[in-house]
Amino acid sequence: MKYLTFMSIGVFALLLIYAAYGLPYRGDPNALVNQEISLTGTPVASSYYIENAMKDANTPNMVTTVLGDYRAFDTLGEEVVIFAAGIICFLLLNRERKREARKQ
Amino acid sequence: MHWELEIVLYIFLVISAVVSLHVKDLLTAVVSLSVFSYILAMLFVSMGAIDVGFTEAVVGAGITGVLYVVMIFRTTRRTND
Amino acid sequence: MKHGSSSPIILLLSRVLSPYIMLFGMYVIFHGHYSPGGGFQGGALLASSIILIRIAMEEKVHQLHFNKAYGIPLGAVGVLIFFGVGFISLIMGGYFLDYSLLPFPGMITAELRFYGILLIEVGVGLAVMTILVAIYDNLLEEDDDESI
C-alpha cells in the first residue's frame, strides 16, 4: 500500500512536470496571454489597464488601481469574507455569550 | 534569470513541506509551515509578483503562525498518528 | 497571554519593536498608491504589532493598549466605510463604487478617484486589523468554569 502511494505521487509529479513544458516562458512578449487581441478576437482588458491606469486615477501603482478602482467590488467581497470570519469566531467562542446561554 | 538561486529555493520549499507533514511535534510543524510560507513569498517576488509575495509573507508567516500556536496552546502538542 | 512573560528580554524587545511595526503598517497603507502594499497587508502588519504586545505583556497592559470590546465594532466600522463610499457615489447619481462622483469640491476626476481609493484602503486596513485581533482574543479566552 505504501509503495502504491509513493508510485502514484511520482507519476503525478512526472505528469505535472510534463504539463509545465507547455507553459510560456516568464515575461515572454510573444505569449498568448500578453497579446492585445485574445484568441477569440476580442480586446484584452489588461492592455487597457496598462495604458490608462495613470491617466484615470492619478496613481503610479497599477495594482492598486485595479484592486481599488476597476475591481473594487471584488475587494468589497474579500472584506466581507474576513468580517464574516470574525463574526463567526465571536459567535462560537465568546465566553460571555456561553455564560448567558447557560443561565437560561 | 537567477535560476540557480531559484532551484535552491525550490529544494528547500519541498523539504519544509515534507517536514511539516511528517513531524510528530506540532510546534515544529507550525515553524516549518512558516518557513514554507516565507520561501514561497521569496519565490513570488523573484517571479515579479511583489504584491502577492508581500501578502504571503505577512499573512502566511506572521498571522497564521500565531493563530496555530494559540490553538496548540489550547489543545495538545503531540499528534496521534 | 494572561500573566505576561517573566523574561526581561522579551518584555524589552516587544516594547521596542511594536511601535516600529505599527509605523511600517501605516506607511504600507498610506503609501500604497506609489509602492507595493495596500489595505490588507497594512492591516495585517498593524494586527501583528498589537498581537506582539498581547503575547508578551500581562492582561491589564494590553487591555489598555487595545481593548477587547472594540474588536468587532471597529471591524463593522471598516466595512461600513467601504459600503459608505460606494453608496455616496450611488446616491450622487453614478454607479456603485464609482469614485468620480464623490462630493469633494474643486477636484478633477482623477484626483477624486485617487482619494476614493485612499478611503477604501483605510476601511480595509481598519477592518482587517480589528478582525484579526478579535479572532486572536476569542481563541485565547479560557472557560474558567468547567460545566459546559
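Trp3(B) lies in helix 1 (residues 3-22) of chain B. The model is predicted.

User: Why is Trp3(B) called exposed?
Analyst: Count its neighbours. Trp3(B) has 9 other C-beta atoms within 10 Å. A residue with 12 or fewer is exposed. Therefore Trp3(B) is exposed.

User: How far apart are Trp3(B) and Val30(B), in sequence and in space?
Analyst: In sequence, 27 residues separate them. In space, Trp3(B) and Val30(B) are 29 Å apart, C-alpha to C-alpha. Contact needs C-beta atoms within 7 Å.

User: What makes the pattern of chain B α-α-α?
Analyst: Chain B has three helices and zero strands. Read along the sequence, that gives α-α-α. Its C-alpha atoms fill a box of roughly 45 × 25 × 10 Å along the principal axes.

User: What share of chain B is buried, and what makes a residue count as buried?
Analyst: Buried residues make up 19% of the 81 residues in chain B. To be buried, a residue needs 20 or more other C-beta atoms within 10 Å.

User: How do you know that chain A touches chain C?
Analyst: Contact means C-beta atoms within 7 Å. By that test, 26 residues of chain A are in contact with 28 residues of chain C. Helix 2 (45-57), helix 3 (62-70) and helix 4 (72-93) of chain A each supply at least two residues of that side of chain A. Helix 4 gives the largest share, 14 residues.

User: Which classes make up that side of chain A?
Analyst: It has 14 nonpolar, eight polar and four charged residues.

Notes
Residues numbered from 1 in each chain as written. Chains lettered and ligands numbered in written order. Predicted model: local features only at pLDDT ≥ 70, side-chain atom pairs only at ≥ 80, totals over all residues. Contact = placed C-beta atoms within 7 Å. Helix = DSSP H or I, 4+ residues; strand = E, 2+ residues; numbered from the N terminus. Nonpolar A, V, L, I, M, F, W, Y, C, P; charged D, E, K, R; others polar.
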